[in-house]
Amino acid sequence: MKNLLTKTVCLTQAISATMHVQRRANNTGERMMDTHTWDVRQALCTILDSRMRRRFKPFDVADWSASSVIFAPHPDDETLGCGGVAAKKLASGVEVRFVFVTDGAASHRRLISPEELRSRREAEALEAVHRLGASSKSVTFLRFPDAEASHHIHAITKAIVPLLERWRPQSVFVTHAKDPPSDHIAVNAAVRAALRWHGRPLTVFEYPVWYWYHWPWVRTGGDLPGMWRTTLRQTIKTAAGLRALSALNTLVPIGDFLDVKRHALAAHVSQTQRSENKDDWQTLSDLSSGEFVARLLADHEVFTRYRVNC
């Protein structure tokens, strides 16, 4: 661990210099640097994945049979973060419910009206849930304004408590407390507050989504304007992935349901396909040439697992 820490710190310190060199290099030099950088990144990703596979615990038998509620800040988070686990549980007959907290209407706000995008994303969420194996009856839309969840934490908590009282789930899935988007952090805070009000013992699984948007999982340069700053900031916060070894503790193989997860993600058309005649319509695959979404479509999903109200 000490050697890995030393190497990671050194690599993290080298990121800014590498980015500076990349921007100044000529075309040939850029290609050589990209190849070298990818070799280093690939090696470190392999090391980190290997450590996680060895150190993290799998699901218990009880985890697989536990009824669940998945809280998603936006339509597509449910699939990106825990779609494989949801599909496996549903295939075995376990009750899984989905709660979409915000309306997702801000993802392309300058290219489409909020009303139209809200309607599209709700329809996409229903189709994605159907592809994971659940019915529309298992879906609840809270419709809080996208990108403003941090201003509505108390209201979100009040909306969640009666759902927990009615359904009495044995486990809850929610975006990770270390996930950087403000909506993800706010939903995590609201769910945890609701669980305290609920008072019944259950298992919580926090799933990372944007947590993975850092080097070495994605390149530092990025393909979208300004995203390299986001990558660098998140890389420093996560110590180039090293902190995942303590921030997460559970790893679940989902390779046998990866095609189902891919199929469900494709249902989120507004996030995965460029809208016709709109070249500036950004998709998940535009982020680091698809490296970000590739990480989220790995053959395993990881979580922070803990018990509450015990």
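**Stop 1: a strand pair**

Select residues 202-207 and 300-308: these are strands β5 and β7, which pair in the antiparallel sense over five bridges. Two strands count as paired if DSSP finds at least two bridges between them. Strands (E, at least two residues) and helices (H or I, at least four) are DSSP runs, numbered from the N terminus. Within this pair, T203 stands opposite R307 of β7.

Before going further, note that this is a predicted model, in which local features need pLDDT of at least 70 and side-chain atom pairs count only at pLDDT 80 or more, while totals for chains, interfaces and linings use all residues. Residues are numbered from 1 along each chain as its sequence is written, and side-chain values use heavy atoms, with hydrogens and water left out.

**Stop 2: the whole sheet**

Now show every strand. Seven of them form an open sheet with mixed pairing, in the order β3-β2-β1-β4-β5-β7-β6. The edges are β3 (139-144) and β6 (250-253); each has a single partner strand, so one side of each is left without a neighbour in the sheet. From one strand to the next, the twist averages 25°.

Touching, or contact, means heavy atoms within 4.5 Å. Axes are lines fitted to C-alpha atoms, for helices over the stretch in contact, and angles run from 0 to 180 degrees between N-to-C directions.

**Stop 3: two helix pairs**

Select α5 (114-132) and α10 (258-266), which pack at an angle of about 165° with their axes 8 Å apart. That makes α5 roughly antiparallel to α10; angles over 145 degrees count as roughly antiparallel, under 35 as roughly parallel, 65 to 115 as roughly perpendicular, and the rest as oblique. Show side chains for A128, R131 and L132 of α5 and for V260, H263, A264 and A266 of α10, which make the contact. These residues divide into five nonpolar, one polar and one charged. Ala, Val, Leu, Ile, Met, Phe, Trp, Tyr, Cys and Pro count as nonpolar, Asp, Glu, Lys and Arg as charged, and the others, Gly among them, as polar.

Keep α10 and bring back α4: the two pack at an angle of about 135°, with axes 9 Å apart. That makes α4 oblique to α10. Here T79, L80, G83, G84 and A87 of α4 meet V260, K261, A264 and L265 of α10. By class, this contact has five nonpolar, three polar and one charged residues.

**Stop 4: single residues**

- Select A247, in helix α9 (244-247). Leaving aside residues up to four places away in sequence, A247 touches H176, Y211 and T304.
- Select W215 and P216: the peptide bond between them is cis, with omega near 15°. P216 is in the loop between β5 and α8 (227-237).
- Select R168, in the loop between α6 (153-167) and β4. R168 has a positive phi of about 50° although it is not a glycine.

**Stop 5: confidence**

Colour by pLDDT, the predictor's confidence in each residue, from 0 to 100. The chain mean is 90, and 87% of residues reach 70 or more. Over residues 11-33 the pLDDT is below 50. Where pLDDT is low, the predicted coordinates should not be read in detail.
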